[in-house]
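Hi there,

Here is the structure I promised to pass on.

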Amino acid sequence: MQSGNQHQYHWNSSSTQYSRFPFNNPPQEVDSLAMMPNHWDISSTTNSPAQSQLELCGRSFQSNKDEKIESSPTPAPTEKEEEEDAEMEETEQLGHVEIYTDYKPSKSTIGIAHPDIVVETNTLSSVPPPDITYNLSIPESIINSGQLSALQLESIIYACQQHKMILLNNQRAGFLIGDGAGVGKGRTIAGIILNNYLKGRKKTLWFSVSNDLKFDAERDLKDIDASNIPVYALSKIKYGDIVASEGVLFVTYAALIGESHAGGQYRTRIKQILDWCTADFDGVIVFDECHKAKNAWMKSICKAKMAKAVLDLQNKLPQARVVYASATGASEPKNMIYMSRLGIWGDGTPFKTFDDFLHAIEKRGVGAMEIVAMDMKVSGMYIARQLSFSGVSFHVKEISLDDDFKLVYNKSCQLWVEALQVFTCAADELHLTNKRHMWAHFWGSHQRFFKYLCIAAKVDYLVELAQKELEAGKCIVIGLQSTGEARTRQVLNENGHVDRFVSLAEGVFRALVMNHFPSEKMRAGHKRKHKSQGGQPKQAKYTEDRGGVIFRNYDSSDWDSMDMDSGSSPDSLLSHDDVMFNIHSNCKTARIEEMKQGLLNKIFELGKYLPLNTLDELIDKFGGPDKVSEMTSRKGRVVRQPDGSIHYESRAEQGQNIEYINIKEKDRFMSGEKLVAIISEAASSGISLQADKRVKNQRRRVHMTLELPWSADRAIQQFGRTHRSNQVMAPEYVFLISELAGERRFASIVAKRLESLGALTHGDRRATESSNLVNYNFVNKYGTKALDTTIKAILGHIENKVHMPKGYPEDEAKFFSAMKSGLVDVGIFCIKRCNINKFLNRILGLEVNKQNYLFQYFYDNFDYLIEKEKKEGNFDMGILDLAPGNNEIYEEKQETFLTTGYAQDGQVVLYKISVDRGMPWEQACEKAKNVSCTDEGFYLSHKLRGTQPCVLLAKQSPGQGKYCVVYKPNIGKQVLPESLDSLLQRYHKVTPDQAKASWENQFTFSFKKCSHANWNGRCKKIEQGQHCMHGMRIRQYHVLCGTLLHVWNRVADVVSGINSSSILQIVRLKTRQHNKQVGITIPGNCIAQVREKLVAMDKEVRKRRKLKERQALWGDFVRRGTNILINQLNGNSGTQIKGERLAQTALKKALPERFSVRK
């Protein structure tokens, strides 16, 4: 029986996110900042004194009242002890506070509050939008009635205001609505259309993912009393017909590349669209669910044709008012290319081309991506809110596998290893000289096969869990990606009927051998044929085992082709490669066919034990189609009849079109007729399945993710189906992860996208973290380094710094031997040609135990490298809060510098920030009141520090009985907790009265002088003319805020040139004056050079601005001079005199240093 290890996470009303602490050491609290570095080490390393104290065996808090208090301290501490104390006090104090904050429009004052609680990330809430200068034309009746809420009206205002700007390439600026699912993007779009319609712009293009969503568009317009604006579906209009002269033309992205081969006036849809708009079109173009255009950067036309059409349309209609709308519009920087109207790259911006922008952002990491989101909001081109996660719960359930399933999985692995050998042998007998195409299909099928096994491992557990939730009065939504329709139709075409449930895994394996096994017949399938390169091909060496299976001894010449994978998605194959054969007359065709048939026979035998199509099996286990609402793209399915027989049937119902079956199934689920819904990507955009107050089925939704989508934007779209506005209660999310280490390959992809997506679309990478899934993100530079170390250690090229996983039954030598053999079994032969994607793909084909041990060893190396990076200060910590919980943050000084902008210039502000870390005696006494045991309280040091002992307040650390949180008068709360045993070695407990004098003295002294001066009466650094701030209450920082994307490269180049690191730490702070700021900290040793760069840029911008003003005035002078001449010719002397005076004034302003005009 399968079992699940459950980790549960709840988000409270402020949506603070919690995660398990993954290491053995206790959590280390981080809540203030040091002066110089630009990155922080939250977890100290084992070599640091702080960590040494953490690892001391502490004892539990207990009564200490019988211990004798020493009356006279022992002599002063040694220099080493002073250094350890100083390091403990100077540990960087940064931390994460709650991710979200309640959202209210900050500068828009019209409209009624949104009906549901809406939040914004703390990061985006810390940067203000621009001032409002635009006046809406929407009737007050609509505004006052609440048909458009205050936050929807705010989006409409900023979108229309942005549309008034013209970019430097003479195209009209666009706007990105990044609101999360359920906030009401559809109604916001309808409001933008209505506002433009009332201003005389009667035509609108509305692009979306499905024709079904046309009805939602009509509903949104009707909801704001704009039903008079007609909506036409382009799919219902023939290529040669003329579209109405005004209204909304609703178009799917797929229609952009539609072509007619039947003649007529319009041969393509895009020409039909452009002719309807006309060249001077200045109406609205809405790219709804614009994440569908995300692959525009790809060079492969077949994959990016649709996205390129989106770019072409924007270029051919330069005056159009473009609106991008999607909660997942920029899941990765490279997917932003279609957002050309944002003006982030191009002439006059910091990035001349999109490639420059992409390189800069990807080079700087997630930190730079977070800056992009903030910069767009500051510039007025972007807004992003989402529904509060109040009441939403997340569960990650790890499912163990039963012995029967492990046996089937292991047998599958063995057969794939044999298939690898047979494919290789057959290819060599045919003298195949280019094997890229064959291996791409082989490893793509390999990945899909084991993906289906991973999914099947969770079906029984999911059904059992779902039945319990149904009995508890809830309803179920299951997210799935693979429908298996292609394999089902293949069986249907081959046999003419289907009388059993189909196995997808068997189908993938069988199709690989049938279609891509090396054969002479494959030559006919290639358009190009290549002659032999000359010379005799290298002969392979073979060995034969007792079972008659032929094995090949590989050499380096085979690596290039065999390492060919299909990419991150198994559906992406290198179709442009051709297979080249050197056909010889003595080719052993019979031998090749015998090998192929032998492999097919073994696949057939294995297929008897392989799992069935997951979608069909789920529907069957839940009671059949009458009990399950299926919302997928497939047209037919395999079902069990009442008599037990099985056959294939169409999903279309009698008298109804198949196009509307998903809408019908949605209505059945929302009415409560069916309580289980299964959705795929086809239903992941636009369909609402939440516990809506307006529908009959108001049960709580339990949204189970059986199969993680290939990308985070698909995941977010699915999650947003069940958490939307106007719901009775928030949903539960359940992520099912099997114990198969290879499945983390899929979780890794989604985790990486979620991290990037959170940073780009919400300005905080934690905004889309889903519980523990981010722990599975290995597709980064740390994963690459860990993989390199892992393989080199297994091959014996380097010394092993990470021990083999605990629990391995044999010694290290046998462990590394077994792992080396496993790598060869999955086609990994050399280090240079193995990347992290390939590794995570291939280990799916290892037997369960070997797979898990290999992955654990890789993960241990991964973990080791991250801790090492943190120690060395090179780890990107994301956005951290400067001294969270400390209200004594002051702005001492600020300097403003102009920067190059998008449609207009921006500015950055360099702040000098001071933080008073100290804790007054009164505050310490207040904290000491709430003690829970006698070991908590005030302590004095055994040894004197100068003339007095050191003093501190110790309180029990929550959840860590042997550790305590330490408070000191000069630094307040110490970052690192201390064990009680360590504390008692240096301190003894005293009463508050005994501690008061030392506390007040140290609090006062540390305001102006460092700890060295307090302890020794002098400081060596001060005597040498240097600065020393060790132990001082006041900390000073230099924080650069504003439109940071404009200056990111310049600042990073300065910092990397001085500190050998280009990481710029982003911090968030709130001053005593309640001013919120987000910016990058500038190390103290870099301030002078950074300021010099900013001054130079400011001068450059002012010079260019002044030149533009003079050019404008000169143009005005020329126009007025022309008018003077015309009036003189007409004999209008009064107008002439007035015009001369105006012209003289304009000329003086335009060219004061060259001209003086005589009266």
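Below is what turned up, starting with the overall picture and then moving to particular spots.

Before anything else: this is a predicted model, where local features need pLDDT of at least 70, side-chain atom pairs count only at pLDDT 80 or more, and totals for chains, interfaces and linings use all residues. Residues are numbered from 1 along each chain as its sequence is written, and side-chain values use heavy atoms, with hydrogens and water left out.

**Overall picture**

The protein has 34 helices and 36 strands. Both kinds of element are DSSP runs numbered from the N terminus (helices are H or I with at least four residues, strands are E with at least two). Of the 1159 residues, 57% are buried; that word means under 20% relative accessible area, while exposed is over 50% and partly exposed lies in between (1.4 Å probe, protein chains only). Contacts here are heavy atoms within 4.5 Å. Among contacts with a separation of 6 or more, 77% join residues 24 or more positions apart.

pLDDT is the predictor's confidence in each residue, from 0 to 100. Its mean over the protein is 76, with 72% of residues at 70 or more. Helix H5 (residues 150-162) has the highest confidence, at 96, and helix H1 (residues 49-55) the lowest, at a mean of 32. Residues 4-74 stay under 50, and the model has 217 contacts beyond four places in sequence for them. Residues 296-303 also stay under 50, with 14 such contacts. Where pLDDT is low, the predicted coordinates should not be read in detail.

**The cores**

A nonpolar core is a set of buried Ala, Val, Leu, Ile, Met, Phe, Trp, Tyr and Cys residues joined through side-chain atoms within 4.5 Å. The largest one holds 78 residues, and those touching the most other members include Phe207, Ile273, Phe287 and Leu313. Helix H11 (residues 366-378) is the top contributor to this core, with seven residues. A second, separate core has 67 residues, among them Leu415 and Val734.

Then go to Gln314, in helix H9 (residues 301-316). Gln314 is buried, as its relative accessible area is 0%. Not counting residues up to four places away in sequence, Gln314 touches Phe287, Tyr324 and Arg341, among others.

**A pair of helices**

How do H16 and H18 run relative to each other, parallel or antiparallel? The axes of H16 (residues 504-516) and H18 (residues 589-607) come within 10 Å and cross at roughly 175°, so the two are roughly antiparallel. For reference, axes are lines fitted to C-alpha atoms, for helices over the stretch in contact, and angles run from 0 to 180 degrees between N-to-C directions. Under 35 degrees counts as roughly parallel, over 145 as roughly antiparallel, 65 to 115 as roughly perpendicular, and the rest as oblique. Phe509 and Val513 of H16 and Leu599 and Phe604 of H18 are among the residues making the contact.

Most residues other than glycine have a negative phi. Thr278 has a positive phi of about 75°, and sits in the loop between helix H8 (269-277) and strand S9 (284-288). His431 has a positive phi of about 55°, in the loop between helix H12 (403-429) and strand S14 (432-434). Thr278 is partly exposed, at 36% relative accessibility, whereas His431 is buried, at 19%.

Cheers
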